[in-house]
Amino acid sequence: MDKPVISVKDVSMLFNLSRDKTMGIKEYVVKALKRQLFYDEFWALRDINFEVKRGEVVGILGLNGSGKSTLLKLIAGVFKPTKGSIEVNGAISPLLELGAGFDPEFSARENVFMNGAMFGYAPSYMKTLYKDIMDFAELWEFEDVPMKNFSSGMYARLGFAVATQVEPDILIVDEILGVGDHLFTKKCEDRIKKMLEGGTTVLLVSHNIDTIKEMCSRAVLLSKGKVVQVGAVEEICKIYQGDDA
Amino acid sequence: MTKKHFALAALILTAVQFVLFWDTLPIEVAGHRPGNIPMLVFYTGFVSATSSMLLVILLICVTKKTYVINQLKTFSKFRHLMFLMIKRDFVTRYRRSVLGILWSVLNPLLTMLVLTMVFSMLFRDMGIENFPVYLLSGQLMFNFFSEATNSAMVSITGGAGTIKKVYVPKYIFPISRVISALVNVGFSFLAFLFVFIVTGESFSWTMLLIPIPVFYMLLFSAGVGMFLSATNVFFRDISYIYGVLLTLVMFLTPIMYPVSILPDRVYHLIHLNPMYHFVSYFRALALNGVLPSLWSNIICLGFALAALGVGFYVKMSQQDKYILYL
């Protein structure tokens, strides 16, 4: 048996809604004295368990607020789970949000190197990939334009190009395929399929059932922070669509 | 071995060393005079606490090898990011200014000119031979500290956009800011050399050792910077408090005045200020051509390592919570 690439064990994530980010020391002391500090707990995820094997494409389905993005952020290491453990074996390219980690003040070129460094790749390695990245994103014209002038489609293209060209072991895609036009979406899907042949593992979040059906072999259905079911994609999609109706 | 065991070990070691070191510290470093018990207690306590902390850190490194190795691996993975961030800081700093990098040299020069004019009118005779060089050397070290810690303090809150979306070890942010400040000090040092030559000061070989106090200062600033950046995430009040505190520390550091004008009470107090020791170290090398004693090395390194230890501990224990407060 292959060792799972991602294994999520009994993971729960708690958010404290009263954690107001503008709270000052005075307020903190007053609240601590009144013992009101840790109220309004919100469990975004509860006791999540599943495993992903090498080369699998797993879709994550669920309505808004069911905890999909939180789960992906936990796997990417952005959050630490309140309880439970997550084990990831391999390099992750997280595409969690549109243009994650891009600095709008800097040009596309600088951001490619910066983004690569955030995933832990050396500038010398990024240099060898640079041509492929720009070719894929089709952004040669705007190479030296600060990214604040980019459209959201351009952001997504560059983000996707960097995340996939570094050839990660695990690719996490959170609903960003829908941003580009249909040509680019098609290109992305082809790219993911090609990566799969190389043994890359993919986690995909999308509200587009057709995309999930086409790309994934298995799926995880989340509802209100809990796993409803893990299984073959058709089965899960059926349940999910049943929920909608 | 848990946290409690390590803390206990540190306490016991400190107590033992306190007894061992009692009354062995030289007077000129610690600034205490016979009969000044509080200063003696502070410095003996300080030296024994830092050295026991170092021993405990060694102990942790030996017993938790895998943890330490993993941390080092992550750091080496993200070192490219750190270099790019330092480069970015540098490029952004002088973007759209006509003189660009030249400002790094001009700024300390001009400030020095203003202060020299003011002070030569206010205080006629303070017993400083070459005021511009004296002032500039103090300023160089203090500005390094102030710039490094101030920019490190807001590095986490400023990097919220990245931290929320990609996993990056959080200490990269304050550390890269401190190193950026170091780069800037390099330019300020050019200004210092310029004034040094123009005022006809003579060089001494001890100037070659200047990187030593700057290195101590780097460690100290990194520690303070990590502590500030961690606490500033939870309480934004820190940045206001620190602004005032820094002004206090500035006046408690002999930057614009000689130590000799201080009344006795403040003279003792000033020895508690780490900045005093760093600045004195620097001046001993650059201005007086004297090699600082072993004890002033121990005190400087002690302050640096103590700050680094506390800063790193606070940082590592808090960094997983940041994301919920940004």
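**Confidence and helix packing in the predicted model**

Chain B comes out with a mean pLDDT of 85, and 95% of its residues reach 70 or more; pLDDT is the predictor's confidence in each residue, from 0 to 100. Since this is a predicted model, local features need pLDDT of at least 70 and side-chain atom pairs count only at 80 or more, while totals for chains, interfaces and linings use all residues. Residues are numbered from 1 along each chain as its sequence is written, with chains lettered from A and ligands numbered from 1 in the order in which they are written.

Helices here are DSSP runs (H or I, at least four residues), as are strands (E, at least two), numbered from the N terminus. Where pLDDT is low, the predicted coordinates should not be read in detail.

Helix 11 of chain B packs with helix 14 (residues 274-288) of chain B at an angle of about 160°, their axes 9 Å apart. That makes the two roughly antiparallel (an angle over 145 degrees). The contact (C-beta atoms, placed from the backbone, within 7 Å) involves P213(B), Y216(B), M217(B) and F220(B) of helix 11 and, from helix 14, residues including F278(B) and Y281(B).

Over in chain A, 12 of the 14 residues of helix 5 are buried, that is, 20 or more other C-beta atoms, placed from the backbone, lie within 10 Å of their own. Among them are Y155(A), L158(A) and F160(A). Just after helix 5 of chain A, E167(A) takes a positive phi of about 50°.

Methods
Axes fitted to C-alpha atoms, helices over the stretch in contact; angles between N-to-C directions. Parallel < 35°, antiparallel > 145°, perpendicular 65-115°, else oblique. Contact = placed C-beta atoms within 7 Å.
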